[in-house]
Amino acid sequence: MSLKVKVDALIIGAGIMGTSCAFQLSERGLRVAVLEAQISPAMGSTGRSTAGVRVQFTEEVNIRLSWESIQEYQHFQDLYGEDAGYRPIGYLLLVPPERLVVHMASVRLQERIGVPVRVFSVEDAQQLVRFDPVNIACTTYGPADGVVDPHSITFTYLRLAKERGAEYLVNAAGAWAGKVARRAGLTVPVQPVRRMVYATVPTTWHHTYPLTIDLPSGFYLRSEGNRILFGRSNPGEPTGFTEGVDWDWFEPTIRVGSARFPWLAEVRLDHRACWWGYYEVTPDHNPILGRLPAAENWVNVAGFSGHGVQQAPMVGRLIAEEIILGKAQSLNIDSLRIDRLFNHQQYKEYNII
């Protein structure tokens, strides 16, 4: 591709992160171009996500990134004239005794920041979704958590952004971010890991199950219409661009899932409705944001490890500040800069599924 005009910012990747950055930069007067290898935007991790948004993280920076982004999704129609598909179906986290101290500390942090979170007893949580309470000490529920439409959001940001060009290189290539950086002679430790999403046939009963995470096993499920989506990360999945649904992983997934949600074993799987996609993972499962010290004109927006859709609006603002003002201003992102991965200053985010 040859650029016909001088540009201020070239964004590599037209997923939700890349288009959010493109919109925010163009809003501030920069000439922006977006490069995408696929035939259409949102065809990578964005389009294959489970579309969840939540504030229930353990690290403050992740809580703030998500809460600011959720508030934009709540008002997307008023702001941009398009529906973000935001549905506050909630996130319900099932907490085992061994996670209780750390988890309740994160709840107190969320409350201090001012995000909506509630602690439910095991009995009260059964009103949202039935589950086996064995080895569950308590549950927490985020009433503002829910799901959005990543495709609609991505195309809205792309519509709002004028493609104008680049002197800055913003690496928002998702699972390909590490590979793209290597082509530029740079090191950005982001690797792809395949994840599966399994889907049932439509059930005979109506339900609106929150995105419910069994923290002891990592199994999750949520409603999608009258279907149920569910999955579980495979700790043995190697990094790399492996393609296709892993049907061998279905049996270990449903075995754990039906132990916690016995009724799930009675619902048939719809093989045609299942899909796969990539997590873009870093060594500590936190994103890499900001300028690369080895190349001041290279800015990273990558490595969200499955929670990029949740944080795209706020990240776009921060990256625009990083480029235009020299440093992100609205939120301190120093704990997410790439230096941490080489200086033994990593911050572990516990609530990754």
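**Reading contacts, burial and helix packing**

Colleague: Which residues does isoleucine 136 touch, not counting residues up to four places away in sequence?

Modeller: Contact means heavy atoms within 4.5 Å. Isoleucine 136 touches Leu94, Val95, Pro96, Val122, Phe131, Asp214, Pro216 and Arg260. Keep in mind that this is a predicted model, where local features need pLDDT of at least 70 and side-chain atom pairs count only at pLDDT 80 or more, while totals for chains, interfaces and linings use all residues. Residues are numbered from 1 along each chain as its sequence is written, and side-chain values use heavy atoms, with hydrogens and water left out.

Colleague: Where does isoleucine 136 lie, and is isoleucine 136 buried or exposed?

Modeller: Look in the loop between helix 5 (122-125) and strand 6 (138-142). Helices (H or I, at least four residues) and strands (E, at least two) are DSSP runs, numbered from the N terminus. Isoleucine 136 has a relative accessible area of 9%, so it is buried (under 20%; exposed is over 50%, and partly exposed is in between, with a 1.4 Å probe and protein chains only). Its C-alpha atom is separated by 8.5 Å from that of proline 216, 80 residues apart along the chain.

Colleague: How do I read a pair of packed helices?

Modeller: Two packed helices are described by the angle between their axes and the distance between the axes. Axes are lines fitted to C-alpha atoms, for helices over the stretch in contact, and angles run from 0 to 180 degrees between N-to-C directions. Here, helix 2 and helix 4 pack at about 45°, with axes 10 Å apart. That makes helix 2 oblique to helix 4 (under 35 degrees is roughly parallel, over 145 roughly antiparallel, 65 to 115 roughly perpendicular, and the rest oblique). Glu60, Ile63 and Arg64 of helix 2 make the contact with Leu109, Gln110, Arg112 and Ile113 of helix 4.

Colleague: What about the axes of helix 1 and helix 6?

Modeller: They come within 8 Å and cross at roughly 30°, so helix 1 and helix 6 are roughly parallel to each other. Ile16, Thr19, Ser20, Phe23 and Ser26 in helix 1 meet Pro150, Ile153, Thr154, Tyr157, Leu158 and Leu160 in helix 6.

Colleague: Back to helix 2: which elements do its buried residues pack against?

Modeller: Helix 1 (16-27), strand 3 (52-53), helix 3 (76-80), helix 4 (100-113), helix 6 (150-160) and helix 9 (308-324). Among those buried residues of helix 2 are Leu65, Ser66, Trp67, Ser69 and Tyr73. Now take glutamine 310, which is found in helix 9 and is buried, with a relative accessible area of 3%. Leaving aside neighbours within four places in sequence, glutamine 310 is in contact with Gly52, Val53, Arg54, Phe57, Leu65, Ser66, Ser69 and Tyr73.
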